[in-house]
Every structure is written in C-alpha cells, then in structure tokens.
Amino acid sequence: MTTDNYCPNVIDALKKCKKGQLQYDSFWNDEGKTEEIVNSVKQNLTTLNLSSPLSSQNFFTKEKLNGLTDQLSYEYCEDQNLNDEDQQSDEIDHHLRFLLEKLKIDISNNQDQIEVFSTPSTRSKLFDYEQRREFDVQKKVEEKKQEWDEKQELFAKQCEEQMKMIEKKFLLESMHQLKAYEKEYEQLENNFNKINFGKKNNLESQQNRGIKMKEIEEKQKLLIRQKELKKLQQMQYLQKFDSYRKEIDEIRRNYETYLKEKKVLISQDRIEHYRNLMIGFDQDIEVMLLSKKEFQTSDVEFCENKLQQCKNNFEEFVQQNEQIKTNESIKLESNKSVIENKIIDGQEKNAQTPSNHQTKSNTISKASKSSSMVFINMQTKLLKFEEFCQKFFDDQSKKQIRASIQIYIRSIINTICNISVEHLREKLLKLLNLYQRKQFEQNGQSISISEADFSYHFAINTAVKHFINVATKHRSISLKLAPVIIILWAFIPIFGDIFWAHLVVACPYVIPYFPDRNQFKNDAEFAVICGYQLNKKGQIESNESFHSRMFALIELYSAIIQCNMVENNHPRDLQYAWKWLATILNEEPKEALTALLLDAFISNSMHKLYAMYGRQFEKLINFIREIFIDKIQSITAAENRQSLMKLQSMLDDLEKKLARKNLPKKASIDSLRPSGLVPDQFFSKSFIFK
C-alpha cells in the first residue's frame, strides 16, 4: 500500500469519528489502548467512540499530536515492511508531512478549544479528577479490607471457641478415666488395709494395754472422728456442687426454650456464642471436681461465681434481644409505653432488694464457717507434714543424726533469754543457718540435713514443737521468743506454715475457733479438739492447767503480731490483731475462757493497736468495759471469775493511761508498752546479718 493511498484512508477514518475528529484520552497509554486505537485507524473503522471522561470534546495539543504521529509512523513502517533505513526515512517524512497538513486544518479551526484545554484551570480540573478517582478507589479498597478483617476476626473467634470446647471435652474424658483408676486403686487399698487392720487388732488383743496405749487409742479415735467429719463436709460440698450444676443446666434449658418460643433478632453467631459460654461454665465446674480430691470454701465460691455468670449471660442475652425489638418499633411506641417501662424498671429494682439482703446474710454465714475450715485445713496440713517426719524418725540408720538435731535445736531455744539483744541475734543466726544452709556443727562435726530423707522436715517440726513447749512452761518469755519466730517465719516460709498449723491445733482460739459440742459424741473428743491434753494417767487435764497453757499461747501469738518488721514483710501484722478482736467480740462469750483470751491478747499488743488505730481502739476498749464484760459476767459463776477480774483490772489501768489527754500520743504509746520488748532495730536485715 502506498502512502498516497494509505494516508487519505487514515484521514477518512479520523473524520468518521462521532464528532468528526479524533479525540485524545489521557488514559489510553495507562490502559494499553494506544496500539488498539492505531490499529483501528489503520483498518478504516467507520466509527470510533473514544470520548474522554473529562469533557465532551478534547483536542490535540502539539505534544500529543507529535506522540500520535510517531506511533502512526511506526505502525506504518511495520505495515509496509520497509527494511531499508533510507527508504524508511523517506516514506516516513512523506507520510508525516501529508498527515500534518491535513490535521493542521482541524487544529487551526479549533484553536480556541486548544487554548482553553491548555489553560492552568483545565489542567487543575484534570488533576482534581484524577485525585478524586484515586481517592474513590482507595476508599473502596479500605471498605473491602475492613469488611474482610471483620469477617476474619469473627471467624477466628468462632474457631477459638470451638477449640476450647474440644480441649475441655478431651480434658474431661481424660480426667474421668483417671478418676476411675483412682477409685479402683483406692478400693484395692482399702481392702488391703482392712486385712492388715484385722491382723493388727488380733495381735494387740493378745498384749496388755497400758496407759500409753489408751492415749494412742484415744488419739486414733479422734483422728477417725476427724476423718468422718471431713468426709461429711466433703459430701456437703459435693451436694452443693451438684445443685449448682443442676441450676446451670436449668438455665441452659430455659435458653433453648426462649430461642424456640420467642422472636429472636440477635445474629446466629451471638446465639452460638452465648450457648458455648453456658456449656463452658458447666465444664469448668466438672474440671474442678475431677481435678481435686478435697474441696474447700474457695471451691464453693468458684462454683457460685460460675452459676452467677451463667445467670448474668442469659439475662444479658434476653435484654439485648428485647432492646433490638424495642429499637425496631420505637417509632410506634407512645408516651404511655414509656411510662409503663419506667414502672417496670422500678419494680425490677424493688425485686432485687431481697436478693441483696440475702447475699449479705450468706456472706455472714460463710464468715462464721471459715474458722472451722481453717482449723480442719491446718489439721490436714499438719498430719501430712508429720507423716514425712515419721518416715525419718522410723529410719534406724538416721538415729544418730536425729539425736544430734534434737540436741542442737533444743539447746538453742532453751538458752533464749533476756541477757542482751546480741545474744538473741546469735541464737537466731544459728537457726537461720540451719534451715537456709541445711547444715550445722555438733561436737566439732558438720552435720547436713536434707529434704530428700525428710531430716529437714524433722528439724523444722522439732523447733516448732519446742518453741510452743517452752512458751507454755515459761511465763513472760513470749516477748523473747516472738522475734525469733517471726523472723524465721518471714525468711523460711515452710517454718511459718508448720508453726501456724501447730499453734492452731494446740490452741484453736488463735483463729479464733470455738468447737461446737454437738459435733462430738463424747466429752473427751470435744475436750481434745478444744486444746485439752491428756495427763500420764490418760485423763483430761484440769481447767487450771488448760487455762494457763491457753493464756501462754495467746500471749505468744499477740507478741508475734506486735513485732515491728521494718521491711514490711510481716506474716502476721496488726490487721490480724484487729480481725481477731472483732471475731472474739462477735462470738458469744465462753465462761472464764473469753476473758482470759482477751487479757492475754490485749496486754501484749495494746501499744501497737493504739498507735495504729488510735480513737477506734479506744472505742473498742470502751465497748469491752461497758458492754462485753457484762455479757461475760452474766454467764460466769462466782467461783470462776478470776480471769474476768484480771481482765477488768487490766482494762481499768488501760483506760486511765488513755485518759491522760495532756500527754502526747507517743508518750501514751510508750506507757502502754509491755516490759521486755526487743528494740525495733533487731528486725532489720542490716542488724541481723551484720
């Protein structure tokens, strides 16, 4: 095809556009349409709709025209297969001159439009359009991305819920199997113990039982009784747990019934979410039941919380659904419905009042039962710990080490006295080194103790028992023993735990816990739980001996509380003292015993209580003098009022000291200090380890 024949055809094609001319679109190059357009022109298409999205008519600029002619010339050469460079050059020049001459007519006729198009305002509009288009695209992308993120997050939550349900189901199945194995093992062990117990009884029946044997039998009966009480307590816990699970199951049934009978507008995902939560609460309780052999009040509270959460979730679901219904029909509601809703809200608030009162009464009931649970827990802990000690005691190969441990510890505690603070520090360091470094020197030999053979347990148990023994036999020594005990308690936590367990078992009133006579079959069992001891003849000790020991142990406990631990790591600080006094004063007084306990406790710690609580402590003392003493007196026989008179005398003296308002508070505190207090510097680490 020659140039003369080709170029007119191109021009004809251009002139056959919708508006009689080729219109330039700025997006040709971006969209890859340039080649397509040129090919269309070359093929003499009769119609081309290539209008720009910006305006109805856009014309060539010189730069655009040059670019178009370059492209056309290139395509022309390709179409004519002109390989020779000179021939290509001649043909291109001829073609371009012809094309430009024809196009100049349109450019000159539309010079006004070209100038308008080339103005800065037009370019600004084009730029703004491109920006708006880019912004719209980005906005749509962000919306799609946000929608996808929300769907992905919802899917992840659903997957997580399902995984938790699967994990809990697997855990429950495993625990059920383990529980079955444990029951089978326990049954075999019980059968074995019954056989051995029968053989042991036959052997004992052939021997003469002395006083010591009777004492052992009494203790054994007591332990059996304690086990029975503990078993009964565990059965009560299990009954509560079963009732909680039944209530949760009832809530789940109500939930499903609500879904069937009511119009539910909440999404299916939320419905499934609440259903899984309710199933999870029941599974949590089941896991707790299978993972523990013994239950405590904390487990009851755990189950109560799960039940309450289940109730709250069901109520929340119902409220959300009703709220959605209300929002849909809000335009149709009248003022009358608004007033009715307010009345209903008031009725709901009034209906909640009895439940709040009931919750408060339940809290008080739980507090009254906590003391007995603390006593039972301490007994259990002490029994387990003494089993370890017994293993070491029964090992005949450790007899020499056992004797050395006993002599070393008893010699340290027996020599604690009022010589000096430095002397007290020396005794303390010896015991700290024993329990921290687990070794000591005896007769020039280094002896080690270990947890592996339970010699460490035996050393702790020996020290604790001897501290309590010395405190009960030597009056007015509690203020010297207390600093050593409290520092050992702070630095050796296991020592503190075992000391507290021994103190609770020896004197349950440090909790304070007053056993109920109705829980025991006979007076002997009740007396032992109360803290009475059996004498060498197997008889219960006298009240005088019992009261003397209880006074000494409460005095020791009060002395421990008043110790000034400057590092603020006091295991039994003044908060325990205030709680103890509040509990005692809320209990019904016991003849002779309550007055004795108050006297022993207040006399050693009143200076610290006054320093901490000030006016509140004065009010508490006034309550005891004016009201509580009358209660004690009303139940105390005339021949048993020695403790009451001693308490009254101490309180009168305390009242006189507090009544001296002209003295500074520090001077009043100093006047209340008991004699024999260890200086506060003794409790600092810098003094202990200097």
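## Overall fold

Two residues are in contact when heavy atoms lie within 4.5 Å of each other. On that basis, residues 24 or more positions apart account for 75% of the contacts in the protein with a separation of 6 or more. The model is predicted.

The protein has 690 residues, and 37% of them are buried. Its secondary structure consists of 24 helices and two strands.

## Aromatic pairs across the chain

A pair of aromatic rings is described by the distance of the centres and the angle of the planes. The structure holds 26 such pairs. One of them joins tyrosine 258 and phenylalanine 314. Their centres are 6.4 Å apart, with 85° between the planes. Planes over 60 degrees apart count as edge-to-face, so this pair falls in that class. Tyrosine 258 sits in helix H8 (residues 211-261), and phenylalanine 314 in helix H10 (residues 297-328). The two residues are 56 apart in the chain, and the pair links distant parts of it. Both tyrosine 258 and phenylalanine 314 are buried.

Phenylalanine 375 and tyrosine 513 make a tilted pair. Here the centres are 5.0 Å apart, with 35° between the planes. The link spans 138 residues. Phenylalanine 375 belongs to helix H11 (residues 335-394). Tyrosine 513 belongs to the loop between helix H16 (493-506) and helix H17 (523-530). Phenylalanine 375 has 4% relative accessibility, so it counts as buried. Tyrosine 513 is also buried, because its relative accessibility is 9%.

## Ring cluster and charges over rings

Ring pairs also build a cluster. Its members are Tyr435, Tyr456, Phe467, Trp489, Phe495 and Phe499.

Two charged side chains lie over tyrosine rings. Arginine 572 lies over the face of tyrosine 576, at 4.4 Å from the ring centre.

What is the volume of the second largest pocket? The value is about 630 Å³. The lining has 23 residues. Closest to the pocket centre are Tyr532, His547, Glu591, Ala592 and Leu593.

Which elements give two or more residues to this lining? They are H17, helix H18 (543-561), helix H20 (593-613) and helix H22 (642-658). H18 gives the most, with four residues. By residue class, the lining of the second largest pocket has 13 nonpolar, five polar and five charged residues.

Histidine 457 lies in helix H14 (residues 455-473). Its relative accessibility is 10%, so histidine 457 counts as buried. Residues up to four places away in sequence aside, histidine 457 touches Phe385, Phe388, Cys389 and Glu451.

Lysine 179 lies in helix H7 (residues 120-205). In sequence, lysine 179 and leucine 290 are 111 residues apart. In space, the two are 6.8 Å apart, C-alpha to C-alpha. Leaving aside neighbours within four places in sequence, lysine 179 contacts Leu289, Leu290 and Lys292.

## Backbone exceptions

Most residues other than glycine have a negative phi, and most peptide bonds are trans. Where does this model depart from that pattern? The peptide bond from isoleucine 511 to proline 512 is cis, with omega near 0°. Proline 512 is in the loop between H16 and H17.

Lysine 438 has a positive phi, near 60°. This lysine 438 is placed in the loop between helix H13 (421-436) and strand E1 (439-442). Its relative accessible area is 26%, so lysine 438 is partly exposed. Asparagine 443 also has a positive phi, near 55°. The loop that holds asparagine 443 runs between E1 and strand E2 (445-448). Asparagine 443 counts as exposed because its relative accessibility is 74%.

Terms used
Residues are numbered from 1 along each chain as its sequence is written. This is a predicted model: local features need pLDDT of at least 70, side-chain atom pairs count only at pLDDT 80 or more; totals for chains, interfaces and linings use all residues. Side-chain values use heavy atoms; hydrogens and water are left out. Rings of Phe, Tyr and Trp (its six-membered ring) pair if their centres lie within 6.5 Å; planes under 30 degrees apart count as stacked, over 60 as edge-to-face and the rest as tilted. Buried means under 20% relative accessible area, exposed over 50%, partly exposed in between (1.4 Å probe, protein chains only). A charge sits over a ring if NZ of Lys or CZ of Arg is within 6 Å of the ring centre and within 35 degrees of the ring normal. On a 1 Å grid over the protein atoms alone, a cavity is a set of points where a 1.4 Å probe fits but cannot get out, and a pocket is an open set with protein on both sides within 12 Å along at least five of seven lines; lining residues have an atom within 4 Å of a point. Grid points are joined across faces, edges and corners, and a volume is the space filled by probe spheres set on the points. Ala, Val, Leu, Ile, Met, Phe, Trp, Tyr, Cys and Pro count as nonpolar, Asp, Glu, Lys and Arg as charged, and the others, Gly among them, as polar.
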